[in-house]
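I opened this model to look up its cores, its ring pairs and a few strands and helices. My notes are below.

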Amino acid sequence: MNFIDEEMMEVSRSSSVMRGAFLFFGLIGLLVMVWVGNIMIRALSSPLVSDWLAILAMLILVGGITIVLRAIELDFRMPRDMPIRFNRRTREIIVYDYPLSLNPFARRRADIRRFSWDDVQAEISKMAGYNGKAYLVRYSLVLVICTPGTGNVIERVNLKGNEVSDAALPGIWAYIRSYMADGIANLPVAIVRRREISFRRSLFAYMPYFDPSKEGSEIRARMGGLEWSLALVLIWFFWLLLPIGAFSYIALRCAPEPKWPTPVNEECHRGK
C-alpha cells in the first residue's frame, strides 16, 4: 500500500501492470516491421505488381507500425501507479484508472471513479492459456460493484492482478474489510510500498527472489513452499523476464506520477 491511517488507505496497483512489456515487445515488433518493409519495397518495385496491391501493402505496413508505436507510447504515458483509496469516513472507494481501448487511436487519459463501499463485493478470477511454450495461469482479486441491495454486477475493478498463485488474495480482501470495519487498531503493521525507482529493483521486478540485495533477502524469507515451486518454474523464463524488467526501468522513468484531483486530496489529510 501507499499509505494508511484511521481515515483512509491507499492501495497501490503498480504490480498488476507488467510494465516494460509493451516497450520490449514493441521495439522487437518495430524492428520486424522495418525488416518486412524493406523486403516489401524491393518486392513491390517489380513491374509485375499492380499499383493497387502496392498501395494496400504499404497501408498495412504503415498501420502495423502505427499500432506498435502506440503500444510503446502506452508504456511511457501510463501512470506509474493506478491506486485505489478506501475512505472510512465517507465509506467510499475512489479508483484512479487509466482506461484502455481496443482502438489504438483512442484518446488516453486518467479517470477518477467513486463507488459506495456498501455496494462492493470481491471475487478471485483466473486466466489460463498456452503461449506455445508453457501453460500459464494468472489470478486476480477483483472488486465487484453491484446495484445497491442486490448481487447484480454493474462493474468490475481489478485490485490485484498478475499473480501466479491465489494464495495471498483472500488475505488481502480480509485485510481491507477489517480496515473498513475497525480501522488500523487490530491490523498487523502495514508494509508501505517503496516508491523510488531503481534499476536493480526494476531488473528483478518479475523475479524478485533473485534480487541479491536486502530487499531480495526479505522476499525470500517470506516465501513458502508454493512460492519456491513457482520460482523454480519461472527460472526458465529468466531470458524474457529480466529484459522486460530492464525495459520497465526506462518506462517508469518516463511515466508520469498519478495526480489526484484537488477535491479528492482535500478529503484526506495525507493525500498525495
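**Ground rules.** This is a predicted model, so I kept local features to pLDDT of at least 70 and side-chain atom pairs to pLDDT 80 or more, while totals for chains, interfaces and linings use all residues. Residues are numbered from 1 along each chain as its sequence is written, and side-chain values use heavy atoms, with hydrogens and water left out.

**Strand β3.** I took helices (H or I, at least four residues) and strands (E, at least two) as DSSP runs, numbered from the N terminus. Strands pair if DSSP finds at least two bridges between them. I found β2 and β3 paired in the antiparallel sense over four bridges. Here Met 8 stands opposite Asn 87 in β3. β3 and β4 also pair in the antiparallel sense, over four bridges. Arg 85 has Ile 94 as its bridge partner in β4. The two strands β3 and β4 form a hairpin with four residues between them. Arg 91 in that turn has a positive phi of about 55 degrees.

Next I checked burial. Buried means under 20% relative accessible area, exposed over 50%, partly exposed in between (1.4 Å probe, protein chains only). In a regular strand the side chains alternate between the two faces of the sheet. Both faces of β3 are covered: Ile 84 and Phe 86 are buried on one side, Arg 85 and Asn 87 on the other.

**Core.** I looked for nonpolar cores, each a set of buried Ala, Val, Leu, Ile, Met, Phe, Trp, Tyr and Cys residues joined through side-chain atoms within 4.5 Å. Which residues of the largest one touch the most other members? They are Met 9, Phe 86, Ile 93 and Leu 143, out of 25 residues. The elements giving two or more residues to this core are β2 (8-11), β3 (84-87), β4 (92-97), β7 (135-146), β8 (153-163) and α3 (169-182). α3 gives the most, with six residues. Another core, of 11 residues, lies apart from it, with Met 223 and Phe 237 among them.

I then listed contacts (heavy atoms within 4.5 Å) for Met 9. Leaving aside neighbours within four places in sequence, the partners of Met 9 include Met 1, Phe 86 and Tyr 179.

**Rings.** Rings of Phe, Tyr and Trp (its six-membered ring) pair if their centres lie within 6.5 Å; planes under 30 degrees apart count as stacked, over 60 as edge-to-face and the rest as tilted. I got seven aromatic pairs by this rule. Phe 24 and Phe 25 are edge-to-face, because their centres are 5.1 Å apart and their planes at 70 degrees. Phe 24 is buried at 13% relative accessible area, whereas Phe 25 is partly exposed at 45%. Phe 86 and Trp 117 are edge-to-face too, at 6.1 Å centre to centre and 80 degrees between the planes. This pair links distant parts of the chain, 31 residues apart: Phe 86 is in strand β3, Trp 117 in the loop between β5 (111-116) and β6 (120-130). Phe 86 is buried at 0% relative accessibility, and Trp 117 is buried at 10%. Phe 24, Phe 25 and Phe 247 form one aromatic cluster.

**Helix α1.** Which elements do the buried residues of α1 pack against? They pack against α2 (51-77) and α7. These buried residues include Leu 23, Phe 24 and Met 40.

**Loop.** Lys 259 lies in the loop between α7 (238-254) and α8 (262-266). Lys 259 counts as exposed because its relative accessibility is 69%. Its C-alpha atom is separated by 8.9 Å from that of Ala 110, 149 residues apart along the chain.
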